[in-house]
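Hello! Please keep the viewer open as you go through them.

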Amino acid sequence: MKAWHTLLLPLLLWVGSEVGVVLTACTTAKFDDTIRCKCTADTLQQDLLTMQVCMNTHEVEFHDGFLYLQDEYLSKLFEVTGQLNLTMERLSFTRVHICGVLLSALLNVLPETKIRQLDFTEAKLLQMTQPPSPTQPSPVTTISMEHVTFHPGLLQSLVPSLNIWLLSSLSHLTLRNVTRGLLVGSSDCVSTVMLVNMTKLDLSQNSLTDDSVVNVSRCLSSLTQPVGPLVLSALRLSQNQLHMVQELCPLLQMSPNLVELDLSQNDLNYSAVNSSCFGSTGQLKRLNLSRTGILAAEEVVPAGVEVLDLSGNQLQEFRNPPEELKELYLSDNQLSMLPDLVRATRLEVLTLDRNQLTSLSGEASLMMVLERLSVLRAGGNPYTCGCENRKAVLVLRMYANKVQDWPEDFLCTDPRNNSAPHWLDDLEDFNYDETSSGMGMSADVLLSVLAAVAVTVMLG
């Protein structure tokens, strides 16, 4: 942004205050070269100059209130702002009720603006009495809706042509916890057109079922013009009601450029999960299967994955990780031994906290892993206060800057009794009987035995 542009906004704000416009409902802030204007919803009821000043920033947010305006006011506002060739690129609505008149006017004027992103958070969209009829392509490439509620009549007023007009230009779409909204997977196939140009799609927290996924594949196959490979690179379907992964396979096979797949917090049927389905994309680098209920992972993870989240499952072991793996999240499982990480020579982040590890035995492998790691979490496990962990403690101390939860989350219990837990870092202060912990006789006992044997020999 040019220097005089930076000075223009304060000047206009000063002029506005001089003519009696109250601007206390709006605040502006600058981040790098981006100016953001944040206003309460009732600011739209004020003088036009106030809104023209605010809309001359890069990002505008209206929050907390009810946006209800007359059509005549809106027409004048958008006509003036269009003539000013304003710089606004992002428009956000947070915790607001948006009347149909405003929504219709906004869609009509979009082609005349530079707005590329629309955000709706905890908003309610009311019914439009007169559907918009834009004549130019939509400039919007990103729409984000989180915790948004649609009036039942609004969807009926959005005719298919308007639906296609708004969705077909998108490359990024987020619909998270959207009540009665526009969701991919509806049987009428209208929304599926958005997938043709979509690169990032987030449909988390929407109660999508396996049937919804089946409808997506069916709709793509039934389009008048055959659809080639999709350009989809990120697909997030977390916290839905998906159970059968094989229903997702046709969509994955149509997405050879998919890099990220998030299926976390779906109750997946493990018998249907296999790496051939996930590996069909060929480019998958980030895979999230956390809290999906899977019992094993060896047949699930495709080669080439770099970030793998398997936390919150029932895994008892993890073997043969992908060679390209850089981040591995195994928290909150049932692991009783360290995973085999010999092949994962590029691993940088590893979480093992809150499993069933009683020891970090094999200090050579632990040291080898810690040498190449940047981050390790391994606390919250039921470690024993036996000598099998003493050398591991030395290794953990040596690499304490890499172990995020050391020493506060590393506790151990005496294997001989049910005494209160001790800090694993204080292990060397305790004199444990190695025989009781399965490690053989203690040094004192061994010396006594040897002395007795020597006396016996001499007397003999």
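1. Two strands pair if DSSP finds at least two bridges between them, and strands here are DSSP runs (E, at least two residues), as are helices (H or I, at least four residues), numbered from the N terminus. With that in hand, β3 and β4 pair in the parallel sense over eight bridges. Strand β2 (residues 34-40) also pairs with strand β3 (residues 59-67), in the parallel sense and over five bridges.

2. A word on the ground rules. This is a predicted model, in which local features need pLDDT of at least 70 and side-chain atom pairs count only at pLDDT 80 or more, while totals for chains, interfaces and linings use all residues. Residues are numbered from 1 along each chain as its sequence is written, and side-chain values use heavy atoms, with hydrogens and water left out.

3. Next, the aromatic rings. Rings of Phe, Tyr and Trp (its six-membered ring) pair if their centres lie within 6.5 Å; planes under 30 degrees apart count as stacked, over 60 as edge-to-face and the rest as tilted. The structure holds four aromatic pairs. One of them is F93 with F120, whose ring centres are 5.3 Å apart and whose planes meet at 15°, so the pair is stacked. F93 lies in strand β4 (residues 90-98) and F120 in strand β5 (residues 117-121), so this pair ties together parts that are 27 residues apart in sequence. Both F93 and F120 are buried, a word that stands for under 20% relative accessible area, with exposed over 50% and partly exposed in between (1.4 Å probe, protein chains only). F62, F93 and F120 form one aromatic cluster.

4. W406 and F410 form another aromatic pair, edge-to-face, with 5.1 Å centre to centre and 70° between the planes. W406 counts as buried at 9% relative accessibility, and F410 is buried with a relative accessible area of 0%. While you are there, check the backbone: the peptide bond from W406 to P407 is cis, with omega near 0°. P407 is placed in the loop between α11 (390-398) and β19.

5. Which residues touch the most other members of the largest nonpolar core? A nonpolar core is a set of buried Ala, Val, Leu, Ile, Met, Phe, Trp, Tyr and Cys residues joined through side-chain atoms within 4.5 Å. The largest one has 107 residues, and L235, L261 and F278 touch the most other members. As background, nonpolar side chains in soluble globular proteins tend to be buried together. Contact means heavy atoms within 4.5 Å; leaving aside neighbours within four places in sequence, L235 is in contact with L201, L248, L251, L252, L258, E260, L261 and D262.

6. L248, one of those contacts of L235, lies in the loop between β11 (234-236) and α8. L248 is buried, with a relative accessible area of 4%. Beyond four places in sequence, L248 is in contact with V213, L235, L237, L261 and L263. L248 and V213 are 35 residues apart in sequence, yet 6.1 Å apart in space, C-alpha to C-alpha.

7. V213 brings us to α7, where the buried residues include D210, S212, V213 and N215. What covers the buried residues of α7 includes α8 (249-253). The length of helix α7 (residues 210-222) makes a handy check: at 1.5 Å a residue, its 13 residues should span 18 Å, and its end C-alpha atoms are 19 Å apart, which agrees. The expected span is 1.5 Å times one less than the number of residues.

8. S104, in helix α4 (residues 100-109), counts as buried at 8% relative accessibility. Leaving aside neighbours within four places in sequence, S104 is in contact with M128, Q130, P131 and P132.

9. Finally, two backbone angles to look at. R291 has a positive phi of about 55° although it is not a glycine; R291 sits in the loop between β13 (286-288) and β14 (307-309) and counts as partly exposed at 44% relative accessibility. R354, in the loop between β16 (349-351) and α10 (363-372), has a positive phi near 60° and is likewise not a glycine. R354 is partly exposed, with a relative accessible area of 42%.
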